[in-house]
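User: Hey, I've just been handed this one and I'm new to it. Could you walk me through it?
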Amino acid sequence: MMSTLKSFLRHPTGMIGLFVLLAVVILAVSAPWLFPDDPWDMVGAPFQPPLSEGLWLGSDMLGRDVAAGIAHGARISLIIGVISTLTSLIIGVTIGATAGYFGGKVDEVMMRITELFQTIPGFILAILLVATLGPKISNVIFAIGIVSWPPLARLTRAEFMRLRGREFVQAAVCQGQRPLTVVLRRILPNAISPIIVTGSLAVASAILIESALSFMGLGDPNLMSWGFMIGAARTVIRQAWWMSVFPGLAILLTVLAINLVGEGLNDTLNPRISRKR
Amino acid sequence: MTSASINSGGRVFAVALALAGWFVKFVAVVLVIATFNFILVHAAPGDPAQVIAGQSGASDEKLLAQLRAEYGLDKPYPIQLANYLKRVVTLDLGYSYRQQRTVASLILERLPATLLLTATAFTLALLSGIILGTLAGVRAGKWSDTLLTIVSLLLYATPVFWLGLMLVLLFSVQLDWLPAFGYVTIGVPMTTLQRMGDIGMHLILPAVSLAAVYLAIYTRLMRSSVLDVTHQDFIKTAKAKGLKQGRIIIRHILRNAMLPIVTVAGMQAGALVGGAVVIETVFAWPGLGRLIYDALLQRDYPVLLGVFLVMSVIVIALNLLTDTIYRVIDPRVSVRAAS
């Protein structure tokens, strides 16, 4: 564990990603103190360009502070990114583990379902789910979880199939340990590092899906989010470039940082796989 | 390795088998999505009749009663589902009470624009990715690898709708080279050729924004794939035979190196079609994505469900296309099928 940590600390791009990500987390946590006003409140004249008095990223068409929106939006993006990834991890790992452990008919059925979910356009399914269930943050998280699990299921299945025939697993089965115990105590701990890597990359794509959903007007109407800000800026792009540029940069930086951390984790946790490239 | 060794009966059989497999997949996906749609309508909060009517008809008791009778909403779920599937199979996708038109006619009207956009973006990403990746792979150097890695990392983290807006900001607002929104210039009399050129100009920004991230991925993949193939024995043989460099690249390296890219492109068809929805919203492109956006604003569920079904069919069609390309270029597939 210590050696993994040490080698991650020596991973240059991974560390850059980690620093940027930490900055975003700090921004998200301190948003209520940095910008105590509600980000929906009018704080100045509309359409103020960046570096105006008290508004360093400018204001939007209703005089709302763009910087405040970005700080408060960071909370939503990170929360939705993490929780929806946990949701898709639960679904994906359960399905992948069942398929990989039992094999045969069970595997066939599970993989058909996975294949089907990979065929249907996930983003449109997410739109439908949020539109019918209602634009609440819990429904957005559920929708993203539902469309993001297939890669995790495939990965988990492959890992379980690889480990299923190993001697320590066979020994545990022969000792009469129950399947659930074998899966959770013997196989899963050995399969966990690629799952962590793919999971961390899934956080980034969850943030992208969330931003696209709120861009389409499907975000929680009570919560300020980056995608919503860009969606609102779309029609006034000729008057106010800053309204769309800054929230987009926020998404880009956050997603990039998470991807860099994910790749860094991949290089340190799975050195064999990464060296093959 | 050459086509002389392929027996044609085996090839026909393989193609028939592939088509049959594709058809089974097609039917399965359509049935599952239709079932899914059915469940969604019933899972939505409120009366399914109100969901079908959309917000417009929610207060009209007569319409609701008519809908309940027409859709048999008082019957048990399995019978309702069977009826619904029967309607889908006969291409009856329902009626939009908001727009006072059948969903099928709404979709047919918007389909060409979406097909044009997705097909252009797909071809653009695949072709340019293969060409750029081959160039980068043949002249492998440190800088092309670094540049490609950085560009694809950046594009991979860029929301597609934001990339579209930034391109509008640069090429329409600042430089005024390309139209920012729409499908064709309205109110100007044009010949057919001029009209096609005009649509082409409108198509550039949406297609490039949609294709950009895939272009980067395919270029990077193609580069490493070309490098892999270059080191294999049959390339050494070709060189030893004294074949010209250009012929080796086109006949031997390209054909083999393209295979993984085509596979990945097929797997990403769903994401591409999903991206088209967002891009159409950005550029006011009058396709199915735009139809979804308008239907969302009005909570017009029959339209949403119908578009979901049709978009899924487009994805399966793209899968069939990549499967076919794979079969055509793969030097081994038909030999394997014949044996």
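Predicted model: local features only at pLDDT ≥ 70, side-chain atom pairs only at ≥ 80, totals over all residues.

User: At roughly what angle do the axes of H4(A) and H7(A) cross?
Analyst: Roughly 145°, and the two axes come within 9 Å. H7(A) covers residues 150–164 of chain A.

User: And which residues make that contact?
Analyst: From H4(A) you have Thr114(A), Phe117(A) and Gln118(A). H7(A) brings in Pro150(A), Ala153(A) and Arg154(A). Sorted by class, the contact has three nonpolar, two polar and one charged residues.

User: OK, zooming out. How many helices and strands are there in chain A?
Analyst: Twelve helices and zero strands. Read along the sequence, the pattern of chain A is α-α-α-α-α-α-α-α-α-α-α-α.

User: What does its C-alpha trace span along the principal axes?
Analyst: For chain A it's about 75 × 45 × 30 Å. Chain A has 277 residues, and 49% of them count as buried. Looking at its contacts with a separation of 6 or more, 70% are between residues 24 or more positions apart.

User: Now chain B. What does its secondary structure come to?
Analyst: Chain B has 14 helices and two strands. Its C-alpha trace spans about 80 × 60 × 40 Å along the principal axes. Of the 339 residues in chain B, 38% are buried. Among the chain B contacts between residues at least 6 apart, 74% join residues at least 24 apart.

User: Switching topic: how many residues does the largest nonpolar core have?
Analyst: It has 169 residues. Those with the most contacts inside this core are Ala126(A), Ile127(A), Phe161(B), Tyr218(B), Leu304(B) and Phe308(B). H9(A) provides the largest share of the core, 17 residues.

User: Let's pick Ala126(A). What is it in contact with, leaving aside neighbours within four places in sequence?
Analyst: Ala126(A) is in contact with Ala143(A), Ile144(A), Val147(A), Ile209(A) and Leu213(A).

User: Is Asp176(B) buried or exposed?
Analyst: Asp176(B) counts as exposed because 9 other C-beta atoms lie within 10 Å, and a residue is exposed at 12 or fewer.

User: And where is Ala284(B)?
Analyst: Ala284(B) sits in the loop between H11 (269–283) and H12 (288–298) of chain B. Its phi is near 50°, again a positive value in a residue other than glycine. Ala284(B) has 16 C-beta neighbours inside 10 Å, so it counts as partly exposed.

User: Last topic, confidence. What's the mean pLDDT of chain A?
Analyst: It's 87, and 97% of the chain A residues reach 70 or more. Within chain A, confidence is highest in H6 (residues 137–148), at a mean of 94, and lowest in H12 (residues 271–276), at 50.

User: And what does chain B average?
Analyst: Chain B averages a pLDDT of 81, with 91% of the residues scoring at least 70. Confidence in chain B is lowest in H14 (residues 333–338), at a mean of 45, and highest in H7 (residues 160–174), at 91.

User: Which stretches of chain B have a pLDDT below 50?
Analyst: Residues 1–6 of chain B are below 50, and that stretch has six contacts beyond near neighbours in sequence. Residues 333–339 of chain B are below 50 too, with 13 such contacts in the model.

User: What ipTM does the predictor give the complex?
Analyst: An ipTM of 0.88, along with a pTM of 0.86.

How values were computed: Residues numbered from 1 in each chain as written. Chains lettered and ligands numbered in written order. pLDDT = per-residue confidence, 0-100. Helix = DSSP H or I, 4+ residues; strand = E, 2+ residues; numbered from the N terminus. Contact = placed C-beta atoms within 7 Å. Core = buried A, V, L, I, M, F, W, Y, C linked by C-beta atoms within 7 Å. Buried ≥ 20, exposed ≤ 12 C-beta atoms within 10 Å, placed from the backbone. Axes fitted to C-alpha atoms, helices over the stretch in contact; angles between N-to-C directions. Nonpolar A, V, L, I, M, F, W, Y, C, P; charged D, E, K, R; others polar.
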